[in-house]
Amino acid sequence: MQKVYVRTNRENVTVSFVFKKFVTDWPQAQQGFFKGIVGELGELLTVRAQDFSANPSNALGDVWCRYQIFGGGSTITLHSDKFVASFQNLARSDYPTVYEILSGLSKIMKSEYTENGIENITISTNQHAEIIDSIGVDDYLRYFSSSRLREEVLKEEGVFYEPSFRYTLGNTKEGWVCRRMVEKSELVVDGLFATTEIVVSQIEDNLDFSEQFAQVVRISDLANRAIGIEEFKDDDVSRG
């Protein structure tokens with residue numbers, strides 16, 4: 001199939017650092033969270049006391065402490081078994097800041113939670129993207145449709161068929177798996193909606209964050225190429 005160019009409209013991204021060993025000393029872990037956020041991200045995010053919150057509980061599985069990024073819907077949350085960064089409604093201009101935040105969290109993990117270790121890193125995204133090629137979203141999705149299903153259901157009067165698809169990629173040697181579902185967007189005219197989950201379970205303790213990030217980008221690019229998708233670059237004046 002031909003390559004299709006898309007431009008991301010808005011995206012939600014959640015990154016979870018899942019511990020090998022859950023936290024047993026919660027007061028100390030919570031102190032490390034506050035200290036780490038202020039120390040590593042204080043200058044970047046203009047950290048304020050009112051943006052911190054916590055959920056004390058007698059059950060270790062229910063406790064958490066949280067920082068609201070710029071006081072909004074994006075958050076950084078420490079649970080007893082994982083460290084989670086959730087970014088809502090991202091635009092393209094937000095990505096450099098997201099990278100710096102994740103880089104800072106990686107440093108916090110190494111300085112405050114070394115004994116807990118990392119079992120895996122899970123990246124989950126929900127993305128609306130506009131198709132900016134001459135091909136429309138219906139023609140694109142039709143390429144992945146089931147001819148048998150289409151022929152069968154369209155025999156029924158008044159029935160319509162909108163194809164969607166899901167696929168899984170993985171590399172056992174490198175220790176990662178990528179699962180994605182693609183369908184027609186309900187928010188973007190002539191657009192796609194994709195949910196993606198990338199799980200990297202082979203974590204090298206001495207690996208620099210930039211190397212970890214590059215691996216995730218490589219996996220994401222492969223997932224795009226597998227279905228003929230390429231992200232449109234704003235400086236590509238030959239298209240759009």
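The mean positions of the 25 positive and 36 negative charges of the protein lie 3 Å apart. Lys and Arg count as positive, Asp and Glu as negative, and His and the chain ends are not counted; each charge is placed at NZ of Lys, CZ of Arg, CG of Asp or CD of Glu. The model is predicted: local features need pLDDT of at least 70, side-chain atom pairs count only at pLDDT 80 or more, and totals for chains, interfaces and linings use all residues. Residues are numbered from 1 along each chain as its sequence is written, and side-chain values use heavy atoms, without hydrogens and water.

The C-alpha trace spans about 65 × 40 × 35 Å along its principal axes. Five helices and ten strands make up the secondary structure (DSSP runs, H or I of at least four residues and E of at least two, numbered from the N terminus). Of the 240 residues, 43% are buried (under 20% relative accessible area, 1.4 Å probe, protein chains only). Contacts (heavy atoms within 4.5 Å) between residues 24 or more positions apart form 67% of those with a separation of 6 or more.

The largest nonpolar core holds 56 residues. Such a core joins buried Ala, Val, Leu, Ile, Met, Phe, Trp, Tyr and Cys residues through side-chain atoms within 4.5 Å. F33, I76, F83, L105 and Y140 have the most contacts inside it. Beyond four places in sequence, F33 touches residues including F52, Y67, I76, F83 and Y113.

S86 sits in strand β5, residues 82–90. S86 counts as buried because its relative accessibility is 13%. Leaving aside neighbours within four places in sequence, S86 contacts V13, T14, S74 and T75.

Conventions. Buried means under 20% relative accessible area, exposed over 50%, partly exposed in between (1.4 Å probe, protein chains only).
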